[in-house]
Each structure stands twice: as structure tokens, then as C-alpha cells.
Amino acid sequence: MNDSSWGAPPPAGYWGPSEQGPAQGAAPAGPTYDALDAQHTRPMPTAPDVPAHGGDQDDDRGAARLSGPSVRNDTPTAVPYGAPSHDPQSPQEPMPSTAPEPAPAPQKKSAGRDLGAAIGVGVGLGAVIVASLFVVKAVFVGVIAVAVVVGLWELTSRLEERKGIKAPLVPLALGGAAMVVAGYVRGAEGAWVAMALTALAVLVWRMTEPPEGYLKDVTAGVFAAFYVPFLATFVAMMLTADDGPRRVLTFLLLTVVSDTGAYAIGWRFGKHKLAPRISPGKTREGLFGAVTFAMAAGALCMQYLIDDGTWWQGLILGLAVAASATLGDLGESMIKRDLGIKDMGTLLPGHGGIMDRLDSLLPTAPVVWLLLVLFVGSG
């Protein structure tokens, strides 16, 4: 069958091809239809029988398949989904399970640390501090000096490990301990003199090493001297007042209460990040908790612990402590992010290192010392 007569229309009243193919050379019965029109013709549900074999009958079957279904029923029989197929070559799809999937168990928030160890270590440190604070003042000065030396060791070790900065530890440790003692004995004047001498000792000590990296090493050394021992000196200066132990206790309580309020409220209600690029765990809700807890504790401490103190002064003191403690925590978080570490050390289980506990205390010490002097004098 040639291409010109492949799509010729059948006689009137009949759809589909004839039983016999048209004779060779016969004139077409009507105008030739385009094959595209044949493809869009609506097929009839039945068609005449077509011989299974024979020359041109294959072409007629092709036309029949184009205009309608062949004699053999090609329409697949509908079977239930998942039932065995009659066609052995068709894959059998398993029946999907209709049982509902169990809902995932809710995940509990994690504090990120061993809370039991953290509480135990905190209670132990608190007992040592309180015992030394109210027994002999000089013993507590020694506790401050030891904490300063350990903190300097952690800080300089991490600087060398992570950045290759070799801040000289020996002059820093000796100068830092002397700074705390000088602040207790001679006040602010003694602290500044000891700070200047410590910085000078760092410059001279580093001269014994090759000049490469001298500037960054001494810069880090002077920074460490100011950041750890000089700020800690204000705690020793608080201790010199007549009610010095109670002033130091107020300073410690407000800082701890601020951190506790931030943790408790932030862990339970925290949704809005405070400084995600610096410390992703801190939230604005946690800051609100720190301020609220610290102001309440400040009012109580100023009213009942500090001589001549009043509750409204405690509100101001608590607000200032919450701000300085938060900034101090963010400051050390910035240092640790730059160094690429989580904790400054591993000395205190559940807490990290000494510096991880001093981060909020160090910048808060001068704030509390100054406000107490302004409110009730240096006494």
C-alpha cells in the first residue's frame, strides 16, 4: 500500500480498513487525508476481523491500529492494585501497607554538658570560696592568685596550639600573682604599677627568642596580663572594705544568678538568637532571664548584705551585672571561635577550664567594685 492511499477514508457508514487492500494503481475513492488527521480520529470500540497472515494485510493492520483497536483486545483488564498480573513479564507491585506510621518521639533539649558533674564541681568550688572568704581574707587572695595563674596557662597554651602565638607564661604568671597581691595591699595604685611592670617583663622576656613573631607574641602577652590578672585585681580590692567578704559574695552571687537565669529561661523559652555569629546558644529570652534574676538578687543583696545599701541600688547593680556578664561571655566566645575550640581547658568536669568559668566574672568585677564605691563608699 503506497503512502498516498494509506489514510483514504472508508465507505460511508463504515470505520476502519477494508478486509482486502485496494488494488494496485486504483484511483483513490476520495481526497487523501493527512496522517496527522488520522491519528486524531476518535477510535471505534470494535473493528472487523483481519486475517492473521498475508502480504498486504500487514499494511491494513497498521492502518487499523492507527484508526482503531485491532480484533485482539489490547485493552488491559483492570485488576485490583497489588493482585497478581496475568502478564508473566509484568512486575508484581506489593500492596502498600495501610498501617499508620508511628509518630516520631519528641526530642528533649540537651544542655550540651554533663549537668551532674557541672553541679557537683560548682558546689565544690563554691564551698572552697566561701570557706576561704569568711575565715581569712589572705587565704581568699591566694585563691584568686591561683585561679589567675591557671587561667593564664590555659589562655597562653591555646594561643600557641591554635595560632602559634608564644606569649611568655613565666613573666605573666609571676606578674599576675603580684598584681592581685598589690591590688589587695595598695589598692588601685598598686594594681596599675604591677600591671605596667608585668607588661615590661613580657617585652624583655620575649627578647631571648628569635625576632620573628615578636610583635604578636608581646601583644598577646600584654592582652593576657590585662584580661586575666588585672581584671581579677578588682575582686581583691573589693575584699579590703570592712564588709569586704559580703561585697565579694554579692559579686559572685549576682554573676552566678545572672548566668543561671539566662540558662534556665533561654533553655526553656529561647527562640530568638542574641548573637548567632558569636554564640548560637544565647537567646534574647535568655538575656531577659539574666536581667530579671540578677535584678531581683541585687535588690536582696544590697538590702541585706551590704552596709548602708538599699534595694533600688540593687536593681541597678543587678542590671549592670547582667549586661557585663553577658558581654564577658560573648567576648570569650569570640576568642574561642577565633581559636576554633569549644572550651579553654578540661580541668573542671562539666565546665571546661578555669577560663570558661572566669569569662563572665572578670569583666563584671570592675563594674561591681565601681558601683559599690559609688553607692556606699570604699569602706
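How many residues does the hairpin use to join β1 to β2?

1. The hairpin. The link from β1 to β2 is made through 3 residues. Please keep in mind throughout that this is a predicted model. Strand β1 covers residues 273–275 and strand β2 covers residues 279–283; the two run antiparallel and are joined by 2 bridges.

2. The overall layout. Besides the 2 strands, the protein chain has 11 helices.

3. Burial, surface and contacts. The protein chain has 379 residues, and 36% of them count as buried. Its accessible surface is about 22300 Å², with 65% of that belonging to carbon and sulfur atoms. Among contacts between residues at least 6 apart in sequence, 70% join residues at least 24 apart.

4. The α6 and α7 pair. Two packed helices are described by the angle between their axes and the distance between the axes. For helix α6 (residues 214–239) and helix α7 (residues 244–269), the angle is about 140° and the axes lie 7 Å apart. That makes α6 oblique to α7, since roughly antiparallel would need an angle over 145 degrees. The residues of this contact divide into 6 nonpolar, 1 polar and 1 charged. On the α6 side they are Val-235, Met-238 and Leu-239, and these meet Gly-244, Pro-245, Arg-247, Val-248 and Phe-251 of α7.

5. Thr-156. Is this residue buried or exposed? At a relative accessibility of 5%, Thr-156 counts as buried, because the cut-off for buried is under 20%. Thr-156 sits in helix α4, which spans residues 137–163. Leaving aside neighbours within four places in sequence, Thr-156 is in contact with Ile-165, Ala-167, Leu-169 and Leu-172. Its C-alpha atom is also 7.8 Å from that of Pro-168, a residue 12 places away along the chain.

6. Leu-197. This residue belongs to helix α5, residues 169–206. With a relative accessible area of 55%, Leu-197 is exposed; the cut-off for exposed is over 50%. The C-alpha atoms of Leu-197 and Gly-175 are separated by 7.5 Å, and the two residues are 22 apart along the chain.

7. Asp-308. Where does this residue sit? Asp-308 is in the loop between α8 (284–304) and α9 (311–339). Asp-308 is not a glycine, yet it has a positive phi of about 65°. Its relative accessible area is 70%, so Asp-308 is exposed. I would be glad if you gave the backbone here a look.

8. Met-334. To finish, consider a residue of helix α9, Met-334. With 47% relative accessibility, Met-334 counts as partly exposed, because that value falls between the cut-offs of 20% and 50%. From C-alpha to C-alpha, Met-334 is 9.0 Å from Arg-277, and the two are 57 residues apart in sequence.

Key. Residues are numbered from 1 along each chain as its sequence is written. This is a predicted model: local features need pLDDT of at least 70, side-chain atom pairs count only at pLDDT 80 or more; totals for chains, interfaces and linings use all residues. Side-chain values use heavy atoms; hydrogens and water are left out. Helices (H or I, at least four residues) and strands (E, at least two) are DSSP runs, numbered from the N terminus. Buried means under 20% relative accessible area, exposed over 50%, partly exposed in between (1.4 Å probe, protein chains only). Contact means heavy atoms within 4.5 Å. Accessible areas come from the Shrake-Rupley method with a 1.4 Å probe; for residues, only the protein chains shown count as cover. Axes are lines fitted to C-alpha atoms, for helices over the stretch in contact, and angles run from 0 to 180 degrees between N-to-C directions. Angles under 35 degrees count as roughly parallel, over 145 as roughly antiparallel, 65 to 115 as roughly perpendicular and the rest as oblique. Ala, Val, Leu, Ile, Met, Phe, Trp, Tyr, Cys and Pro count as nonpolar, Asp, Glu, Lys and Arg as charged, and the others, Gly among them, as polar. Two strands pair if DSSP finds at least two bridges between them.
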